[in-house]
Amino acid sequence: VQLQAFGGGLVQAGGSLTLSCAASGRTLGNYAVAWFRQAPGKEREFVAGIHWSGGSTYYADSVKGRFTISRDNAKSTVYPQMNSLKPEDAAVYYCAADLYYRNTENAYGYWGQGTQVTVSS
């Protein structure tokens, strides 16, 4: 499955942004999807994840209560809605997919190319 992440951009602190992860080649409905992010000089970290059915969602403590992940399997797309953005949320955001959910990047065999999120203070 090929993944494409898009929707990044520049937003002011306190603002909102919704990213998208779209799949082609195979339906995304059979896969758990997770988002990771990597800020300059830092390791890539888990942000949020969702079970293939959408029935379970998972969040890093740093984004819990501010980010909401959802999916539309009919459109093979996963959406993390990011609210109350902080400067420390600025990073390149990547989506990843695989058959089972884990919050570690080595669990995912399929990756999108990343989309930049910049948060101005």
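Tyr 110 counts as partly exposed, because its relative accessibility is 26%. This value, like the others here, comes from a predicted model. Tyr 31 has 5% relative accessibility, so Tyr 31 counts as buried.

The model holds six aromatic pairs. In one of them, the ring centres of Tyr 31 and Tyr 110 lie 5.8 Å apart; the planes meet at 80°, so this pair is edge-to-face. Tyr 31 sits in the loop between strands E4 (20–24) and E5, while Tyr 110 belongs to strand E11, so the pair ties together parts 79 residues apart in sequence.

Tyr 58 and Tyr 101 are stacked, with 3.8 Å from centre to centre and 5° between the planes. This pair also links distant parts of the chain: Tyr 58 is in strand E7 (residues 57–59), and Tyr 101 is in the loop between E10 and E11, 43 residues apart. Tyr 58 is partly exposed at 28% relative accessibility. Tyr 101 is buried at 17%.

Arg 44 lies over the face of Trp 111, 4.2 Å from the ring centre. Arg 44 also lies over the face of Tyr 94, at 4.8 Å.

Strand E10 (residues 91–98) has seven of its eight residues buried, so the rest of the structure largely encloses it.

E10 runs antiparallel to strand E5 (residues 32–38), joined by seven bridges. Here Ala 34 partners Ala 96. Two bridges pair E10 with E11 (residues 110–111), again antiparallel. In E11, Trp 111 is the bridge partner of Ala 96. Three bridges join E10 to antiparallel strand E12 (residues 115–120). There, Val 92 partners Gln 116.

Technical notes: Residues numbered from 1 in each chain as written. Predicted model: local features only at pLDDT ≥ 70, side-chain atom pairs only at ≥ 80, totals over all residues. Heavy atoms only, no water. Buried < 20%, exposed > 50% of the residue type's maximum accessible area, 1.4 Å probe, protein only. Helix = DSSP H or I, 4+ residues; strand = E, 2+ residues; numbered from the N terminus. Pairing = 2+ DSSP bridges. Phe/Tyr/Trp six-rings, centres within 6.5 Å; stacked < 30°, edge-to-face > 60°. Lys NZ or Arg CZ within 6 Å of the ring centre and 35° of its normal.
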